[in-house]
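Dear colleague,

Please find below the sequence and structure that I am handing over to you. A summary of what was found follows them.

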Amino acid sequence: MTALHFISGLPRSGSTLLAALLRQNPGFQAGMSGPLAGLFDALVAQMSARNEFSVFLDDAKRERILRGLFDSYYSDCAAEVVFDTNRGWCARMPAIAQLFPEAKVIACVRELPWVIDSIERLVQRNVFSPSSIFNYSTGGTVYTRANDVASQEGMVGGPYDALKQACYGAQRDRLLVVQYDTLTAEPAKVMHAIYQFIGEPVFEHDFGRVDYDVTEFDERAGTPGLHTVRGAVKAEPRETVLPPDLFNRFVHDAFWREPDKIPGDLRVV
């Protein structure tokens, strides 16, 4: 593994589409959210003072063990550049900067009403298959589901807070914010920005035919279609399935679109 970068940001904001595009490059490895962030957190916790054997560990050992986790996980990967995807990486920017000084983080974002709309569409499309997103619960309404995912511990609220931390944090120089609307409407512009950001030679991608499918994973999660990408990259305007009051609750949360609310050196495409 010669280079490691990360894909993070908000759910339902184009990370799977981005990974599907990146993997068209034969020198790249990218995919849907994986287990590394969870394994990383578990290791950090086990090496903390709550474990009586932590007296045998200093920070140098902890760093070697954590780097070893990535080396072991990707030891069978022949790609020259690896992108590991997880919504949790934005919350771990200081650790990434220390462990992998050359690594960059791409944060995929989308206006929150449309993130929640996208989740609700999946739920309503799969009415006979309760989703792991809501612990396989069959009750509730669009309001209770929106409140659930938007909470600080929820599927959307947690990553949103982590995104803000990354955008305003000391490591934002290694962060590139990629807007879903730009990715779908101007994919070539986004890909050129990413190649420039990570310092790799530009590759000509096929935006007319993009495929990525992990049907077995999605069906096991009770949410068929969660990570499916097929066909051409294009913007597809649509009406929301959210009631107006619920949609409007989140319309002002896209802070990355307001230059006066973000650091001047934050990269947004």
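**Surface and overall make-up**

The accessible surface of the chain amounts to about 13,600 Å², and 50% of that belongs to carbon and sulfur atoms. Please note that this is a predicted model. The chain has 11 helices and six strands. Of its 269 residues, 48% are buried. Where contacts link residues at least 6 apart in sequence, 76% of them join residues at least 24 apart.

**Nonpolar cores**

The largest nonpolar core consists of 49 residues, and F6, F70, W89, L163, L175 and W256 have the most contacts inside it. Helix α7 (residues 157-168) supplies the largest share of this core, with five residues. Another core lies apart from it and has 29 residues, including M32, F197, I198 and V233.

**Cavities**

How many cavities of 30 Å³ or more does a search of the whole structure find? The search gives two. The second largest cavity has a volume of about 30 Å³. Its lining is formed by F6, F40, F70, W89, R92, A95, I96, L99 and F100. Helix α4 (residues 93-99) gives the most to this lining, namely three residues.

**Cysteines**

A search of the whole structure finds zero disulfides. For C108, the nearest cysteine sulfur is that of C90, 9.3 Å away, and C108 is in no disulfide. C108 counts as buried because its relative accessibility is 0%, against a cut-off of under 20%. C167 is likewise in no disulfide; the nearest cysteine sulfur to it also belongs to C90, at 6.8 Å. With a relative accessibility of 0%, C167 therefore counts as buried.

**The surroundings of A193**

Leaving aside residues up to four places away in sequence, A193 touches L176 and V269. A193 and R267 are separated by 74 residues in sequence, while their C-alpha atoms are 9.7 Å apart in space.

With kind regards

How values were computed
Residues are numbered from 1 along each chain as its sequence is written. This is a predicted model: local features need pLDDT of at least 70, side-chain atom pairs count only at pLDDT 80 or more; totals for chains, interfaces and linings use all residues. Side-chain values use heavy atoms; hydrogens and water are left out. Contact means heavy atoms within 4.5 Å. A disulfide is a pair of cysteine sulfur atoms within 2.5 Å. Buried means under 20% relative accessible area, exposed over 50%, partly exposed in between (1.4 Å probe, protein chains only). Helices (H or I, at least four residues) and strands (E, at least two) are DSSP runs, numbered from the N terminus. Accessible areas come from the Shrake-Rupley method with a 1.4 Å probe; for residues, only the protein chains shown count as cover. A nonpolar core is a set of buried Ala, Val, Leu, Ile, Met, Phe, Trp, Tyr and Cys residues joined through side-chain atoms within 4.5 Å. On a 1 Å grid over the protein atoms alone, a cavity is a set of points where a 1.4 Å probe fits but cannot get out, and a pocket is an open set with protein on both sides within 12 Å along at least five of seven lines; lining residues have an atom within 4 Å of a point. Grid points are joined across faces, edges and corners, and a volume is the space filled by probe spheres set on the points.
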